Amino acid sequence: MWITSLGNIDWPRRHRLDAEHARADFTELLDEVRAIGFNAVFVQVRPTADAFWPSPFEPWSQWLTGTQGRDPGWDPLEFMVRAAHERGLAFHAWFNPFRVAIHPDPSRLVPGHPARRNPHWTVVYRGEIYYNPGIPAVRAFVQQAVMDAVLRYDIDGVHIDDYFYPYPDRTEFDDAAAFAAHGRRFTDRAAWRRDNVNVMVRQLRDLVRAARPEAVYGVSPFGVWRNQATDPGGSRTQALQSYDAQYCDTRAWIRNGWVDYIAPQLYWWIGFTIADYAVLAPWWAEQTAGTDTLLWIGQSASRPGAPDRPRPWQDPAELSRHLALNATLPAIGGDLFFSARSVQLDRIGAIRQLARAHWQHPALVPLPPRLAATAPPAPPTLTPCADPPGLTITPSPRPDSPRPFQYALYHYGTDPGPEPPADAARLSTLLPAHHLDRFHPPATAPGPWYAVTAVDRAGRESPASAPVRLSSR
């Protein structure tokens, strides 16, 4: 689930910006979404060239205190990572790369802001301020600002949203001077812009992998690469094309392995004429099949039941149909939902309906193919305990074994033998290993046989423990 800080859409809430309320709201949000069935949060920590941590490169975010540059007196990023991990939730830090402000006036930025110190870095476009991706110093600075968080915090992923070059209107993005100075022998400005984005995506991948090799790195682009009428390799759509409008060659990122995952934003219903979900999900699955790039689909939690949305979005089963279609496409390994406030509101019950239909069992986070051959944790030991009847989990004492992040508990109706199968249909519970080592199955729980595995932060799973039978519960 995406948690948006820009404009205080999701968190922190504008009327509760003090540290005590902000922390309470965040933990309440985590508890609620974990209960629904989510297993990861993607939190916007750099929404407008600012920071949700004490960055030496950029000012404190205005969305924390109401005033850009004001120290909130605590470290939100440190708190959020810890709170997520205590609940067994993966924490992905979400960065907007080039947006500086959602207004056009540089004088409103805090004195000393990098955009004020380097006005030639910026372009005002559509009433907003952007860093110019065509300037090498800009790309280097953005990478430096992002990597400060990557190096200092125990995050599980680095997530980049869809704002590279901004969504276009009828005016031209004013980068002629940058093209003249940094054109690298390109004669076509559109091709140069695409190369600027490619360089940024590739270089940031290399930095993230060097600093935190087990963190996943990916992008959530606009959901249409190109239309088939423009390019035979495109989708049967008639929508805006990210390749041409935002200069994002997402298909090249997949083919070249520049991202661990791609999460296209498919915020349309099944049957929508110009951008049909039932056309786009298979198209993206085809692009990623057989590659090392995972595919997670960006879903809209805000559109179901919204009064300004057309009839298909008034049907609470629409999103559930999306996940049913996804289940027929093996390349699709998960979904991201935008965003938290809408998940909580759930106007017509669409989120709860899809959770009942598709999330009957907990799910491990997807393991990136590049890490699949690396060593998993050693199996823990499972023993019965009494008063009340339950199970005690003891991690492996092996010093070379990765530290467990979660314990995956599997149940069986009969004795599963010395090597219990750890298949998804038998996965009963995921326990955060941070602080839990005991589990008491409810009286209605399936069983009576159990086995447990250890799962590390990357999603690697150990072999199962020896099975244990609970004779009474």
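Hi everyone, let's start with a pair of helices: the axes of helix 5 and helix 7 come within 10 Å and cross at roughly 25°. Axes here are lines fitted to C-alpha atoms, for helices over the stretch in contact, with angles running from 0 to 180 degrees between N-to-C directions. Helices (H or I, at least four residues) and strands (E, at least two) are DSSP runs, numbered from the N terminus.

A quick word on the source: this is a predicted model, where local features need pLDDT of at least 70, side-chain atom pairs count only at pLDDT 80 or more, and totals for chains, interfaces and linings use all residues. Residues are numbered from 1 along each chain as its sequence is written, and side-chain values use heavy atoms, with hydrogens and water left out.

Helix 5 brings R139, V142, Q143, V146, M147, V150 and L151, while helix 7 brings N196, V199, M200, Q203, L204, L207, V208 and A211.

Now helix 7 itself. Covering residues 189-211, helix 7 has 23 residues and reaches 33 Å from first C-alpha to last. Its buried residues (under 20% relative accessible area; exposed is over 50%, partly exposed in between, with a 1.4 Å probe and protein chains only) include W192, V201 and R205. The buried residues of helix 7 pack against several elements, among them strand 7 (157-160) and helix 9 (250-256).

Last stop, S465, in the loop between strand 17 (449-455) and strand 18 (468-469). S465 counts as buried because its relative accessibility is 3%.

Conventions
The expected span of a helix is 1.5 Å times one less than its number of residues. Contact means heavy atoms within 4.5 Å.
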